[in-house]
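Here is a friendly note to read alongside the model. Please keep the structure open and look up each place as we come to it.

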Amino acid sequence: MRPFARLLVCLLMLSPLPAAAQEATARFGTGDIPFLLRSTTDIEIIRPVIGRFAALNPELAITYEQWGSNALFELSRADCRAGASGADVVLSSAVQQMVWLVNAACAHAYRSATTQALPPTRRWRDELWGVTTEPAVIAYNKSLLPGDEVPRSRFALLDALRARPEFFRNRIATYDIAASGLGYLFAHSDSLEATTFGALLEGFARVDAVATCCSAEIIAGVAEGRYLIAYNVLGSYVLNADAANVGVILPEDYTLVLSRGYMIPKTASRKAAAARLLDFMLTPEAQTLLMRAGLVSRMEPAETGLAASARRYIPLSPALLVARDPNRRELLLQFWSDTFRRAETP
């Protein structure tokens with residue numbers, strides 16, 4: 001690549017991606033005190049938890065805004081830089097972006113017995129907390145892929161792609177990591193597993209795998225039979241899609257486990273209420289509601305068949321700042337764009 005072209009690429013990568021519009025809004029409670037929660041979590045999935053909190057805090061009028069992860073990050077960063085009192089809570093699955101915000105002094109510190117009881121991988125600097133436990137799974141169409149043909153590890157997936165490339169052509173899907181902060185996080189985490197990452201990209205390229213925007217589209221594609229396999233999608237979204245013909249595999253070589261990051265912005269107007277919501281979300285009652293919604297998985301070997309050594313918890317730590325490094329991001333996005341074709345817009 002020529003120097004000018006290389007410089008242009010770097011500048012493009014350093015520029016923020018176009019932010020998608022806010023996706024949806026819901027209101028909980030009719031109190032006199034406004035409370036704003038911005039999140040990447042689908043409203044319908046988390047509705048029972050927020051509804052219960054609203055019932056316990058009748059003085060609040062809660063507005064829940066659902067955003068794409070990249071758009072939420074850009075908005076939260078802009079509020080922080082401007083000192084604007086935007087959200088009272090930011091809850092995101094793209095935890096590398098949340099770690100960046102905390103590191104940029106955009107968060108309010110809080111500590112309680114409940115938050116201190118979290119394992120170290122799910123709290124950082126008393127400013128960021130993981131409130132869920134969700135595995136990244138391989139989803140597949142049960143009708144089109146018999147049980148004995150379902151790959152139960154990345155190695156098995158690679159073998160299947162090599163053996164039957166035409167069968168899988170255009171029928172493997174995953175996130176477009178340029179559009180999805182969560183997808184980028186999973187790709188970055190996979191890249192740290194050097195034994196399979198390069199081979200996976202080669203395998204996906206060989207069968208013209210599809211990179212597309214979001215969980216709902218990917219899972220719907222598997223349910224409809226447009227895709228045979230979806231790679232590295234959140235199990236919670238598969239469960240909530242309620243698609244009877246979509247099966248789930250926790251990869252036996254390793255399964256990434258995500259905890260959504262909860263942050264109270266330093267500019268929040270209702271910090272005390274935000275702290276109450278945090279403590280509530282970590283109570284047994286709320287964790288049970290989150291489990292019913294698929295946002296909490298016990299991950300016990302007896303229930304999942306997954307060995308403890310195969311669980312890879314994505315820690316809330318400064319290590320995730322590496323995922324935001326412009327040079328590393330540029331390289332990973334380039335590899336990804338060389339591998340995947342974008343799903344065609346209907």
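**Notes on helix packing, the core and a few residues**

1. Let's start where two helices touch: Tyr184, Ala187 and His188 of α8 meet Arg328, Arg329, Leu332, Leu333 and Trp336 of α15. Contact here means heavy atoms within 4.5 Å. Sorted by class, this contact holds five nonpolar, one polar and two charged residues. For the classes, Ala, Val, Leu, Ile, Met, Phe, Trp, Tyr, Cys and Pro count as nonpolar, Asp, Glu, Lys and Arg as charged, and the others, Gly among them, as polar.

2. A word on the source. This is a predicted model, in which local features need pLDDT of at least 70 and side-chain atom pairs count only at pLDDT 80 or more, while totals for chains, interfaces and linings use all residues. Residues are numbered from 1 along each chain as its sequence is written, and side-chain values use heavy atoms, with hydrogens and water left out.

3. How do α8 and α15 pack? The angle between α8 (residues 181–191) and α15 (residues 326–339) is about 95°, and their axes are 11 Å apart. Axes are lines fitted to C-alpha atoms, for helices over the stretch in contact, and angles run from 0 to 180 degrees between N-to-C directions. The two helices α8 and α15 are therefore roughly perpendicular; angles of 65 to 115 degrees get that name, under 35 is roughly parallel, over 145 roughly antiparallel and the rest oblique.

4. Helix α8 has another partner, α4: these two pack at about 95° with axes 8 Å apart. That makes α4 roughly perpendicular to α8. On the α4 side are Val95, Gln96 and Gln97, which meet Gly181, Tyr184 and Leu185 of α8. This contact has three nonpolar, three polar and no charged residues.

5. Now follow α4 (residues 95–103) to α3 (residues 69–82), where the angle is about 5° and the axes lie 10 Å apart. So α3 and α4 are roughly parallel. Ser69, Asn70, Phe73, Ser76, Arg77 and Arg81 of α3 meet Gln97, Trp100 and Leu101 of α4.

6. Stepping back, the chain has 15 helices and 15 strands. Both are DSSP runs numbered from the N terminus: helices are H or I with at least four residues, strands are E with at least two. Of the 346 residues, 54% count as buried, meaning under 20% relative accessible area, with exposed over 50% and partly exposed in between (1.4 Å probe, protein chains only).

7. Which residues touch the most other members of the largest nonpolar core? They are Tyr262 and Leu277, in a core of 112 residues. Such a core is a set of buried Ala, Val, Leu, Ile, Met, Phe, Trp, Tyr and Cys residues joined through side-chain atoms within 4.5 Å. Beyond neighbours within four places in sequence, Leu277 is in contact with Phe35, Leu37, Ile50, Phe53, Val89 and Tyr262.

8. Two residues other than glycine have a positive phi. Asp126, in the loop between β5 (123–124) and β6 (128–130), has phi near 55° and is buried at 15% relative accessible area. Asn232, in strand β10 (residues 229–234), has phi near 60° and is buried at 2%.

9. Last, find Thr114 in helix α5 (residues 113–116). Thr114 is partly exposed, at 29% relative accessible area. Thr114 and Leu282 are 168 residues apart in sequence, yet 6.9 Å apart in space, C-alpha to C-alpha.
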